[in-house]
Amino acid sequence: AWNVARLEAHYIRNQAFEPDDLLLRRMERIAHLPSFIVHGRYDLVCPVDEADLLHRAWPGSELVIVEDAGHASRERGTAAELVGACRRLVATGDPRRR
C-alpha cells in the first residue's frame, strides 16, 4: 500500500502530468537514460498505445507488452518482467534485455 500511495502522491504532485503529453514534451530531460517499459495487453486503465508512444519518443527504452496481463504490477507475467529489469539494473546498470 505504501508504494501505491507514494506513486499516486507523485502523480498528483505533478498535476497528474497535465497536459497529457507533459512527459513527452519534456523527454529531453530523461531521453539519455536507459528504460524498460512493461505494459499489460489487457490494461483497461492505461491504453497500450500510450506505452508505445512513450517508447517511440524515448530512444533508450525497451517496451515489453505482457500478453496475459492487465494493469496490476502483481500479475505473474508483469511481475516477472519487472523483477528481471530490476535484476539487470543491479547487475549492469541497465534494465533493458540487451
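Visitor: How many residues does helix α4 have, and what distance does it reach from its first C-alpha to its last?

Guide: This is a predicted model. Helix α4 runs over residues 76-92, and at 1.5 Å a residue a reach of 24 Å is expected. The modelled helix comes close to that expectation: α4 has 17 residues and reaches 24 Å.

Visitor: Which residues of α4 are buried, and why do they lie on the same side of the helix?

Guide: The buried residues of α4 are Thr78, Glu81, Gly84 and Ala85. They cover an arc of only 130° around the axis, and therefore they share the same side of α4. On the other side, the exposed residues are Arg76, Ala80, Arg87, Val90 and Ala91.

Visitor: Which strands are included in what covers the buried residues of α4?

Guide: The buried residues in question are Thr78, Glu81, Gly84 and Ala85. Their cover includes two strands, β1 (35-40) and β2 (61-66).

Visitor: Which residue follows α4, and what is its phi?

Guide: Helix α4 ends at residue 92. The residue that follows α4 is a glycine with a positive phi, namely glycine 93, near 85°.

Visitor: Which residues make up the largest nonpolar core?

Guide: Methionine 27 belongs to this core. Setting aside residues up to four places away in sequence, methionine 27 touches Leu54, Ala57 and Trp58. A second, separate core has 5 residues, including Phe36, Val64, Val66 and Ala85. The largest core has 6 residues: Met27, Ile37, Ala51, Leu54, Trp58 and Leu63.

Visitor: Is serine 61 buried or exposed?

Guide: Serine 61 lies in strand β2. Beyond its neighbours within four places in sequence, serine 61 is in contact with Ser35, Ile37, His55, Arg96 and Arg98. Because its relative accessibility is 4%, serine 61 counts as buried.

Visitor: Which residue has its backbone oxygen 2.8 Å from a polar atom of the serine 61 side chain?

Guide: Serine 61 is part of β2. A polar atom of its side chain lies 2.8 Å from the backbone oxygen of tryptophan 58.

Visitor: How many disulfides does a search of the whole structure find?

Guide: Cysteine 46 is partly exposed, with a relative accessible area of 35%. The cysteine sulfur closest to that of cysteine 46 is in cysteine 86, and because the separation is 19 Å it is too far for a bond. For cysteine 86, the closest cysteine sulfur is in turn that of cysteine 46. The number of disulfides found in the whole structure is 0.

Conventions
Residues numbered from 1 in each chain as written. Predicted model: local features only at pLDDT ≥ 70, side-chain atom pairs only at ≥ 80, totals over all residues. Heavy atoms only, no water. Core = buried A, V, L, I, M, F, W, Y, C linked by side-chain atoms within 4.5 Å. Buried < 20%, exposed > 50% of the residue type's maximum accessible area, 1.4 Å probe, protein only. Contact = heavy atoms within 4.5 Å. Helix = DSSP H or I, 4+ residues; strand = E, 2+ residues; numbered from the N terminus. Expected span 1.5 Å × (residues − 1). Arc of directions from axis to C-beta. Polar contact = N/O pair within 3.5 Å; in protein donor to acceptor, adjacent residues only side chain to side chain. Disulfide = S-S within 2.5 Å.
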